Amino acid sequence: MEKHNSEQSPNIRPVETILVIDDSPTNLEVLYTTLSDAGYEVLVEMDGYSGIEQAQNNPPDLILLDIMMPKINGYEACRKLQSNPITKDIPIIFMTALSDTLEKVKGFQMGAVDYITKPFQQEEVIARINVQLKLRRLNLELDHQKQKLEERVVERTAELSEALEELQQTQLQLVQTEKISSLGQMVAGVAHEVNNPIGFISTNLYHANQYVNDLINLLKLYREKFPEPGDEIEEIIESVDLDHISEDLPKLISSMKLGSDRIRGIMQSMRTYSRADGKEKKAVDIHEGIETTLMILQHRLKPQPKRPAIHVVKEYGNLPLIECYPGQLNQVFMNLIANAIDAIDESVPDRDWEGDKGRHLTPDNVMLVPLICICTTADKENVTIQIGDNGKGMDLSVRDQIFQAFYTTKPEGKGTGLGLSISYQIITEKHGGTLECISSPGKGTEFIIQLPFYT
Ligand SMILES: Nc1ncnc2c1ncn2[C@@H]1O[C@H](COP(=O)(O)OP(=O)(O)O)[C@@H](O)[C@H]1O
Ligand SMILES: [Mg+2]
């Protein structure tokens, strides 16, 4: 069976509808015939009210409106049509027998697009209608294009800002991994290099200790068996202070051993701290990371020419091991504690330090002593890590921006403005936690990290 395609081809215009509102049946008939013959679909109504109703239910492309009608005249009908959102854009052509200029002006003022005088000249009517419909089509097309253009602009703008955000994220990530890996590699490399020499120093110290003891014992025995070794030896014994040597040498060696053990400890924690995070999370003790961070920052906590030492008050709770990327979390601790030290240092000119009195903290001298408080707690699902300082604090306009990449209040060369944005990303995106900040200018700042046990 042959299929008939009933769809109109796109370049044939759909039939346009004209609504004629006129109380004279003769006029309606003439217009109906004329317009139908011209290829329009024609709707007719005999008074203003039904005309308005028809226009609302079935909006035509154009309205021919008689002015002189009972009930409601053409002007009034026109006003109603134009105040209704559905019909307000339909072009209206007035029809009247009056050829009075004033009337025409009034019609145009009402918003009519044209005017036809009775009795009708068929060709003129058609010509005027054609012009108006063409105008209307062009206007509709223009609106359509404008809307399409606007949509496209909105779309493009959204695409662009999305792309920009993505780019910024990638950049942050790059900086972050770059930073972690270059710092990590360096620390791991140094730790490795130091490990060997410190290894043989401590092994040899052990033997040296043995040998020294043996030698000292032997010396003692000699002196017992040969109490008079002769002048030459007596003189040397006196000049080198043999008694002091035999007493001091073992002490010296054991303090050297202490020192080398400490270096080994430091190196060990540096290696733990910097070990590259694999793809998998590890269960780790958060406190270890905080402690190592403090150790690395030790030199900055010490007394400075313009301020006493920063006291670190720790209140560690009982925490379970946390599933995390330890290298990244350590970086967060490093960023937050380094910022706290910066904030304290920047508050130095405005402070009246009490120095060593701060060794005995009381509620009264809390602001007189530089302080960093680190407090950890755990509930059923989360651990909370609070890192507070009594440094210069920040006002709202600063606080609102601190998590933005490249936002810094520090001089060029000192601040990168990346520490907090990276930390934020690590805590929220990588660990499903939250990072918040409470601060008041001149008093201090507190950062609150919350981490779920498992993410
Ligand atoms: N503990 C804090 N006290 C006061 N201001 C802080 C503190 N931590 C961060 N800020 C503010 O937030 C800004 C952004 O911090 P950050 O992202 O670490 O970048 P940077 O330290 O390189 O400036 C800092 O420049 C500072 O103004
Ligand atoms: Mg910083």
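Asp395 is partly exposed, at a relative accessible area of 39%; on this scale buried means under 20%, exposed over 50% and partly exposed in between, with a 1.4 Å probe and protein chains only. The model is predicted, so local features need pLDDT of at least 70 and side-chain atom pairs count only at pLDDT 80 or more, while totals for chains, interfaces and linings use all residues. Residues are numbered from 1 along each chain as its sequence is written, chains are lettered from A and ligands numbered from 1 in the order in which they are written, and side-chain values use heavy atoms, with hydrogens and water left out.

Asp395 sits in the loop between β10 (382-389) and α11 (396-399). Helices (H or I, at least four residues) and strands (E, at least two) are DSSP runs numbered from the N terminus. The Asp395 side chain makes a polar contact of 2.9 Å with the side chain of Ser397. Such a contact is a pair of N or O atoms within 3.5 Å; within protein, one must be able to donate a hydrogen and the other to accept it, and residues adjacent in sequence count only if both atoms are side-chain atoms. Ile21 is 374 residues from Asp395 along the chain, and their C-alpha atoms are separated by 70 Å.

We can now turn to the chain as a whole. The protein chain holds 12 helices and 12 strands. Its radius of gyration is 46 Å, well over the 23 Å that the globule rule gives for 455 residues, so the chain is more spread out than a compact globule; the radius is taken over C-alpha atoms, and the rule is 2.2 Å times the number of residues to the power 0.38. Those C-alpha atoms fill a box of roughly 160 × 70 × 45 Å along the principal axes. Of the 455 residues, 36% count as buried.

Ligand 1 is surrounded by 19 residues, the closest being Thr408, Thr409, Lys410, Thr416 and Gly417; a residue belongs here if one of its heavy atoms lies within 4 Å. By class, this shell has eight nonpolar, nine polar and two charged residues. The helices α10 (326-346) and α12 (419-430) and the strand β12 (444-452) each supply at least two shell residues, and α10 gives the largest share, three residues. Oxygen atoms of ligand 1 lie 2.8 Å from a polar side-chain atom of Asn339, 2.8 Å from a polar backbone atom of Gly417 and 2.8 Å from a backbone N or O atom of Leu420. The protein covers 95% of the 530 Å² of accessible area that ligand 1 has on its own.

How values were computed. Areas by Shrake-Rupley, 256 points an atom, 1.4 Å probe, with all protein chains shown as cover. Nonpolar A, V, L, I, M, F, W, Y, C, P; charged D, E, K, R; others polar.
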